[in-house]
Amino acid sequence: MEALVHFTHEIGEMHFPILMFMLKALAALFVVVSIVLFIYDKYIQRENQLLINYPLIGRLRYVFYALRDPMRQYFGDEKFYESFDKVRWVYDSAERRSAYASFSPGQPQTSARIAIKNANCVLNTQDVSDDFSVTFGEKSPNPFTTRSVFGRSAMSDGAISPEGTRAFTKGAYLGKFPINTGEGSLTSNFFYTHKYTRECKFFQTQEGTFFAKGVYRFFKLFLNAAIAQKIYRHMVVYDDAPESYLFDVDELVFYRVNWNAPIDVFPSQVPDDIPDIIFQMGSGLYGVRDTEGNFDEKRYQKTMRFCKMTEIKMAQGAKQTGGKLLALKVSSEVAYYRGVEAHKDLFSPNQFPFAHTLEELFDFIGRLKKLSQKPVGVKIVISSVDAFYEYARLLKLRLDEGSDAYPDFITIDGGDGGSGAAPLEMMMSVGMNISKALYIADKALKDLGIRESVKLIASEKVLTPDDAIALFGIGADYVAIARAFMMSAGCIRARECSGAHGRACPVGLATQDRKKRASFLVEKKAVNIASYHAQMLQGIRGLLAVGGVDNLKKLQMKHMIFKDHTGKTYMDVSRYFEESLIK
C-alpha cells in the first residue's frame, strides 16, 4: 500500500517529465484537431447537413456506423441464423474446443425446421458407418469418388486472399474433403501442398544465385523466414505478378505452373499430394480461355490434369449475375491468373457463353466430358417447378438417346446463399430456399426415373450437422459449404468482403490488402478448417445413430419430420412441400 501511495505521489509531483510532455502534447493536438474540424464542419463544408447542425459530435454517428457490422455479433442478438449458438459451434469446432451447450440454446429456436426422427431403438455412434463417400459420373472413364459428403463450396482465389486459399487447400488436404476453385480459375495457391521437384517439367521456376541464397539464409537466421523470403523474392522474381509463384524452402526455388508447356509434360493422374479439386468454369472462362477470351480446349485439358471434375456455374444463390470482383481486389496476380487487366473492376457476363439454350449447354457439357474424360455438372438456382422440369426432361431425353451430353451432377444453390460481392436487391429475393429447391429437383428426377443417373449437391447456410442432415434427408447426395468454412478459417463476419467503401477484411481472409494478409496464419487456420470438417462428420454420425440409421446412404425422407413456425408438425415431410409449392 505504501508503494502505491508513493507511486501516486510521484505522478502528482510530475517526476515523469517525458510521459507528462507526451500526454500534454497529445491533449493539445486533440484540441487543435477538434477546433479545426468544428470550423470545417460548421462553416466550410456544405455536403452534410448533419455536421452543419452538429459539428464534430455528429461525426460519432459515422464512427458507430462503421463499427456496426464488425461488432454486431458481440452486442446484438443473432438475426441471420437461428441462434448465435450455431455460430459459436463452428468457431468452437474449428478451435477444437468442446462444442457442447448447457441447459438450453441462447435464443429460442422458433423458426420452421426439418429434423430427423429419433428411433425407438437408437444406435451407438460407433455402429454408424464412417463411409461418407459419394461417386460422381459412374459412367465416366474417370469417375470421382469423394472421401466426404462435405466440401468447401466455390470461392475464387481473388475474392479470397492468397493466404486464405492456401489455408483452405491445406485444410482440404488434411481433412480429405473436396475444394471448389470458384470461377477464378485453378491458381498457384491450390498447389500449396504439392511438393516441388525438378523433375516436374510443367513448372516455371525462378531461382536465385549463390549470393541471393546466402542473403536469404542470413535474414532467415537473424530475423525470420517470412522477411527472408520477401527479400529473396524481390531479388529473384522479375515478373509483373511476383506473388503468383510459390516458394520451396528446401530448393530455394520459386515456382508456378507453366500453362504454355506441352500437355505431354503434365501428369496423367492427379498428384496425390494435392486435395480433391473441383474446377468451376464461370461465364468469364477464367483459366481456360485464350488471349482473345475464347474457350481454349488445350488449357482446359491441362487444368483437368489436376482436378477431379468440372462444375459449370450458371447461377449462384446471392448473385444471379456474373461474378463480381472490384478493382481493389484485381491485383497483378489475380489479373495474371484470369487473363484480364489489373486494377479494374472485373464483372463477368451474366450469360454463360455456351448456354443460350439448354440444348447448347448440354452439348457443351458433352464436349467437356470428351476433353477431360471426367465428370461434368452444372450449378443452378431453382425458382420454379416448371423451370427445373425443363432440365429434367432434357436429361431423360439424352439418357434415352444413349448420349453422354448431360450433367453428371447438379449443384443447387439456395436463394439465401451468400457472396462476397453481390447486388443487394438480388441477395434474398431471387431463387427458392434450398429445402424447397432440393425437393423439386429430387422429385422431378424420380418422377422421370432418372434419379440414379444424376447426383445432387446442395448449398445454402449450412453451419452445423443438423442443418446438413435435413438436406441429406430431402435428397442431397453431397453438401457444399461456404460460410462455415470461412468462419473456421477466421472470418468474423465483418461484411467487408467486397472491398467496397475502402474497407478490407479485417482478418486478411477475403482481401488482397497486403498489410491485412500479412498477419493471416495459414498453417494454424488449415488445421482449424480440417477440424471443423471432422466435427461435421462426427455430428452427422451422432444424428444418424439417434435416428436408428446405420449409413447415411440409407437416410430417406421418411426419417425426417417438419415443424413450422406455428408448431404444426408434418410426419410426412413431402406433404408439407406439396402444400407449400402451390401452382
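This is a short walk through a few residues in the structure above.

Hi everyone. A word on ground rules: this is a predicted model, where local features need pLDDT of at least 70, side-chain atom pairs count only at pLDDT 80 or more, and totals for chains, interfaces and linings use all residues. Residues are numbered from 1 along each chain as its sequence is written, and side-chain values use heavy atoms, with hydrogens and water left out.

Let's start with lysine 525. You'll find lysine 525 in helix α18, residues 522-546; helices here are DSSP runs of H or I with at least four residues, strands are E runs of at least two, and both are numbered from the N terminus. Leaving aside residues up to four places away in sequence, lysine 525 touches Glu95, Ala167, Ser488, Ala489, Gly490 and Phe520, where contact means heavy atoms within 4.5 Å.

Next, the core. The largest nonpolar core has 130 residues, and Phe150, Phe168, Met281, Tyr300, Phe388 and Phe472 touch the most other members. A second, separate core has 10 residues, including Ala212 and Phe247. By core I mean buried Ala, Val, Leu, Ile, Met, Phe, Trp, Tyr and Cys residues joined through side-chain atoms within 4.5 Å.

Let's look at tyrosine 300, in helix α9, residues 297-303. Tyrosine 300 counts as buried because its relative accessible area is 0%. Its contacts beyond four places in sequence include Phe279, Met281 and Leu368. Tryptophan 259 is 41 residues from tyrosine 300 in sequence, and their C-alpha atoms are 10.0 Å apart.

For contrast, take tyrosine 43, in helix α2, residues 17-44. Tyrosine 43 has 58% relative accessibility, so it counts as exposed.

Arginine 96 has a positive phi, near 65 degrees, and is not a glycine; arginine 96 sits in the loop between α5 (84-94) and β1 (113-116). Serine 185, also not a glycine, has a positive phi of about 90 degrees. Is serine 185 buried or exposed? Serine 185 is buried, at 1% relative accessible area.

Technical notes: Buried means under 20% relative accessible area, exposed over 50%, partly exposed in between (1.4 Å probe, protein chains only).
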